[in-house]
Amino acid sequence: MFEIGDIAPDFTLKETFDTSVTLSDYRGKQNVLLFFHPFSYTDVCEGEICEIRDESGLERDDLEIINVACDAWPIRQSYKDHLKANGRFVADFWPHGEVSKAYGVFDEEWGTCMRGTFLIDMDGKIANQVVNMGIMDRRDQSVYLDWLS
């Protein structure tokens, strides 16, 4: 687990066939709400993503939402379209779960990431975090707005 103020591990993950997202590209430009969830097309994950989509307070010029799961990028994009979700949907598919492991949210038994959210500031440092390692444990997402105030 990280301490507040630690440098967030950098990564580059596939978003589409020809685009990738690199965390360090946001340094000096935007804060990042890095949102890990176990599986696409599941009830708890869908509910959490829709809460983020529907929270107007998270629609800010100084914030990018990066949504991460261990599914392949075509599934990620299909899921984003299905939910009409905001932010970037990236695939921690190969090497499988590498970024999830770096953030301490990968569960070897399930073979996927669990529910972790990290607010990364414009300096690339972890400003806040919440991690729920139970696969059915929803996060209290009301804290995200507090983090940004």
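**Exercise 1. Find what lies over the face of Phe 17, and at what distance from the ring centre.**

Solution. Lys 14 lies over the face of Phe 17, 5.8 Å from the ring centre. The rule: NZ of Lys or CZ of Arg must be within 6 Å of the ring centre and within 35 degrees of the ring normal. Now take Phe 106. The charged end of Lys 101 sits over the Phe 106 ring, 4.9 Å from its centre.

A note on the source. This is a predicted model: local features need pLDDT of at least 70, side-chain atom pairs count only at pLDDT 80 or more, and totals for chains, interfaces and linings use all residues. Residues are numbered from 1 along each chain as its sequence is written, and side-chain values use heavy atoms, without hydrogens and water.

**Exercise 2. Classify the ring pair of Phe 36 and Tyr 103.**

Solution. Rings of Phe, Tyr and Trp (its six-membered ring) pair if their centres lie within 6.5 Å; planes under 30 degrees apart are stacked, over 60 edge-to-face, the rest tilted. By this rule there are ten aromatic pairs. For Phe 36 and Tyr 103, the centres are 5.5 Å apart and the planes at 45°, so the pair is tilted. The two residues are 67 residues apart in the chain.

**Exercise 3. Decide whether Phe 36 is buried or exposed.**

Solution. Buried means under 20% relative accessible area, exposed over 50%, partly exposed in between (1.4 Å probe, protein chains only). Phe 36 has a relative accessible area of 0%, so Phe 36 is buried. Tyr 103 has 1%, so Tyr 103 is buried.

How values were computed. Helix = DSSP H or I, 4+ residues; strand = E, 2+ residues; numbered from the N terminus.
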